[in-house]
Amino acid sequence: MADDHPEDTTGAARRKGEADAWGAFGLIISGVLVWGLIGGLVGAWLDSALPVMVGLLLGMGGGLYLVWFRYGRA
Amino acid sequence: MEGNVNMVGYGLAAIGPGIGIGLIFAAYISGVARQPEARGVLQSIAILGFALAEALAIIGIGLAFAL
Amino acid sequence: MTTWSIAAEGFQSPGPADFVYPPLFGEGTFFTKPMLITVLGSVAVAVFFYLAARRAQRVPGKLQYAGESAYGFVRNSIALDSIGKEGIKYVPYLATLFFFLAALNISGIIPVLQFPATSRIAFPLFLAVVSCVIFNYVGIRRAHGVGRYFKQMMFPAGIPWPVYILLAPIEFVSTIIIRPLTLTLRLTFNMFAGHLVLVLFILGGEYLVFEYSGVVGILAGSISLLGSIVLTFFEGFVQLLQAYVFTLLSALYIGGALADEH
């Protein structure tokens, strides 16, 4: 995570924060995208709308877990 | 002008996460302003909160396209 | 799904069609205005840096000073800040990227040209793919092998193995697809929306003043035209900022790939 030097509030530490925020955004987007797409394909195959919802929620859960795993642990 | 009502619904649904993300970063900024040495801890919490609120917005656009 | 339509009378509002240009030299040729802007922008950047570096002296002249501070900005506040000491190797690429993008973006507010070439998605998409190839190549070299690079990326240690089925595709897509895609879309649609707003204010103001006319039309149209001047400066700021953000994120991805050594 961000380094522990309080005086270093510009430069590298701030850059790291920006990268982390975009990384978190990307992880959640791709979670919803990948598993929503898989759910959509399964739903088209089974002819039902349920798998899309399950896929979207599963992807959101996975993305959030990865965000916590990558950026959230102190 | 042509459009899709799902997208209007998504626009409305995005208001919530928008306000939420604003509140999270407002709290983060005032936290860092009061206690600059807590920046590292606050930052991971802020990013978690941002991710949680953002997930709702992204779920919203997924549902707007899927349904 | 319900659709609706509203018909606008008289005023033809600007839309995506304004971004499609016919060939410059008549039917059948391929050279369009965005391509001309790209060539002009590249030539302008190249000439500027050539002139600045031509007679480099210990005590720099005005032009050399301008060139050095422009290059130094990319070197210090983009490359060194976000990659670290190793970033010096990537400064040539990052500087080229930044100034090329800045030239193409700023062409949106230069009189006569007045079209940001980067609002055509092909330009940012290609540059984003180049950045993506570079940071993956750097990561593969750092991890000593393609397999080990993807293993590090998709299977972070410390997660029970059944969860990998859920997480590995997410990691893969987020690194290989979403990163270049967000780079592309952020730049393209910032430029697209900015150009659209400028066109709307200028054409709308002109329509109100000359076609709609009357006291209301002339008053509202003048406000719109004056607003377009303010918006032009704001747009110039956004264009430079977006070139900076694109370059900065490319640098951060390279830095991230270099830092992932386990």
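**View 1. Ser119(C) sits in the loop between α3 (91-106) and α4 of chain C.** Helices here are DSSP runs of H or I with at least four residues, strands are runs of E with at least two, and both are numbered from the N terminus. This is a predicted model, in which local features need pLDDT of at least 70, side-chain atom pairs count only at pLDDT 80 or more, and totals for chains, interfaces and linings use all residues. Residues are numbered from 1 along each chain as its sequence is written, chains are lettered from A and ligands numbered from 1 in the order in which they are written, and side-chain values use heavy atoms, with hydrogens and water left out. Is Ser119(C) buried or exposed? Ser119(C) is buried, with a relative accessible area of 5%; buried means under 20%, exposed over 50% and partly exposed in between, using a 1.4 Å probe and protein chains only. Its side chain reaches the backbone oxygen of Pro116(C) at 2.8 Å. Leaving aside residues up to four places away in sequence, Ser119(C) touches Phe19(C), Thr188(C), Met191(C) and Phe192(C), where contact means heavy atoms within 4.5 Å.

**View 2. Leu94(C) is a buried residue of helix α3 of chain C.** The relative accessible area of Leu94(C) is 0%. Have a look at its neighbours: not counting residues up to four places away in sequence, Leu94(C) touches Val74(C), Ile78(C), Ala79(C), Ile83(C), Thr247(C), Ser250(C) and Ala251(C). From Leu94(C) to Ala79(C) is 15 residues in sequence and 7.4 Å in space, C-alpha to C-alpha.

**View 3. Ile134(C) belongs to helix α4 (residues 122-143) of chain C.** Ile134(C) counts as partly exposed because its relative accessibility is 21%. With residues up to four places away in sequence set aside, Ile134(C) touches Tyr93(C) and Ile254(C). Gly28(C) is 106 residues from Ile134(C) in sequence and 37 Å from it in space, C-alpha to C-alpha.

**View 4. Helix α4(C) meets helix α5 (residues 146-154) of chain C, with axes that come within 8 Å.** The two axes cross at roughly 105°; axes are lines fitted to C-alpha atoms, for helices over the stretch in contact, and angles run from 0 to 180 degrees between N-to-C directions. That makes α4(C) roughly perpendicular to α5(C) (65 to 115 degrees; under 35 is roughly parallel, over 145 roughly antiparallel and the rest oblique). On the α4(C) side are Phe135(C), Asn136(C), Gly139(C), Ile140(C) and Ala143(C), which meet Val146(C), Arg148(C), Tyr149(C) and Gln152(C) in α5(C).

**View 5. Helix α2 (residues 15-34) and helix α3 (residues 39-66) of chain B cross at roughly 175°.** Their axes come within 9 Å. The crossing makes α2(B) roughly antiparallel to α3(B). Residues of α2(B) in the contact include Ile21(B), Phe25(B) and Tyr28(B), while those of α3(B) include Leu42(B), Phe50(B) and Leu56(B).

**View 6. Helix α6 (residues 162-212) of chain C bends by about 40° at Ile178(C).** The bend is the angle between axes fitted to the seven residues ending at a residue and the seven starting there. A proline, Pro180(C), follows within four residues. After α6(C) comes Ser213(C), with a positive phi near 60°.

**View 7. Chain A has two helices and zero strands.** Of its 74 residues, 46% count as buried.

Note on methods:
A polar contact is a pair of N or O atoms within 3.5 Å; within protein, one must be able to donate a hydrogen and the other to accept it, and residues adjacent in sequence count only if both atoms are side-chain atoms.
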